[in-house]
Amino acid sequence: MNRFFLLILCAWTLSLSAQELPLTVNTPALNAQNRSGTDLNIGMENVAGKKITAPVNVTTNMIGQLSATEPAGASATNQVAAEKAGFLLSTGLEYADEGEYEDAEKAYLRALAVDPDSEDIQFRLGTLYVSMKRYKDAVRIFERLVVQHPENPLTHNNLAWCYATGPGVRNVTLALRHAREALLYAPNAPSMWNTLAEAYYLSGDYQKALRSSDQALDLLQSSEAPAKESLESFQLQRSKIMRAEQAFKVLEGLDEED
């Protein structure tokens, strides 16, 4: 924790300059670097015309430039607050990358105390809770975000994944609802289809699950240089769904014979 406070001291020194600190290294630029804190596989997707970093199921970057930058003419107090929130968020991202999730959570919570309405900070904290397997906390944050920003497919996708896979929060109806909602806004995103496949698998509709998984794989394979880890993860999921569908067909055949 001493390093954390030293970093904060350095940030306040840098804040004396006229250049505003960015809220985060990769969110405004939407580049391919993973700064998520999640241990899931990484792939590249194109949502709303922008390249984003996207794990196989839990997506980590926000769409558009979600920044704490104040408008021209803002007071010096607001400027300093924006810089502080930005630094704390960047610090949280560094901790998350290093697997120091508790320290990352503290940094995000401090950033939220400065900028409680920030969509980006809330989204990062929710994704961190997924990595920490604190699904109830993740759901609480994502549920609030989908009300505040209902057209953000990444939040719907992450919420659907929590409902499809999170112990203690599994809910087939809500998983399907939010997976479909994500696809309304990002129909060409492989991870969105993969999440829908998992939701259908959970519901027992293996045919729709398999079709969704096939679509996810097709989209991923047609993208530029898909990550090997992402392909392997998608293929493993498809194999799981195929086994379930084949077993179900065998059971149906046995029932018909009876």
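Over which residues does pLDDT stay under 50, and how many contacts beyond four places in sequence does the model have for them? Begin the tour by selecting residues 1-56, for this is the stretch where pLDDT stays under 50, and the model has 143 contacts beyond four places in sequence for it. Keep in mind while looking that this is a predicted model. Next select residues 63-74, where the pLDDT is again below 50 and where the model has 21 contacts beyond near neighbours in sequence. For the chain as a whole, the average pLDDT is 78, and 69% of the residues score at least 70.

Now turn to the aromatic rings, of which the structure holds three pairs. Select phenylalanine 123 and phenylalanine 142, whose ring centres are 6.0 Å apart and whose planes stand at 55°, so this pair is tilted. Because phenylalanine 123 lies in helix H4 (residues 119-131) and phenylalanine 142 in helix H5 (residues 135-148), the pair ties together parts that are 19 residues apart in sequence.

The next stop is helix H6, residues 153-165, shown together with helix H7, residues 172-185; their axes come within 8 Å and cross at roughly 155°. The two helices are therefore roughly antiparallel to each other, and H6 passes H7 in a left-handed crossing. To see the contact itself, select Pro153, His156, Asn157, Leu159, Ala160, Tyr163 and Ala164 on the H6 side, and then Leu174, Ala175, His178, Ala179, Glu181, Ala182 and Tyr185 on the H7 side. Coloured by class, this contact of H6 with H7 shows ten nonpolar, three polar and one charged residues.

From H7, select Val172, Ala175, Leu176, Ala179, Arg180, Ala182 and Leu183, which meet Met192, Trp193, Thr195, Leu196, Ala199, Tyr200, Leu202 and Ser203 in H8. By class, there are twelve nonpolar, two polar and one charged residues in the contact of H7 with H8.

Finally, select helix H8, residues 190-203, with helix H9, residues 206-222, and look along their axes, which come within 8 Å and cross at roughly 165°. H8 is therefore roughly antiparallel to H9, and H8 passes H9 in a left-handed crossing. Sorted by class, the contact of H8 with H9 has eleven nonpolar, four polar and one charged residues.

Notes: Residues numbered from 1 in each chain as written. Predicted model: local features only at pLDDT ≥ 70, side-chain atom pairs only at ≥ 80, totals over all residues. Heavy atoms only, no water. Axes fitted to C-alpha atoms, helices over the stretch in contact; angles between N-to-C directions. Helix = DSSP H or I, 4+ residues; strand = E, 2+ residues; numbered from the N terminus. Parallel < 35°, antiparallel > 145°, perpendicular 65-115°, else oblique. Left-handed = near helix turned anticlockwise from the far one by under 90°. Contact = heavy atoms within 4.5 Å. Nonpolar A, V, L, I, M, F, W, Y, C, P; charged D, E, K, R; others polar. pLDDT = per-residue confidence, 0-100. Phe/Tyr/Trp six-rings, centres within 6.5 Å; stacked < 30°, edge-to-face > 60°.
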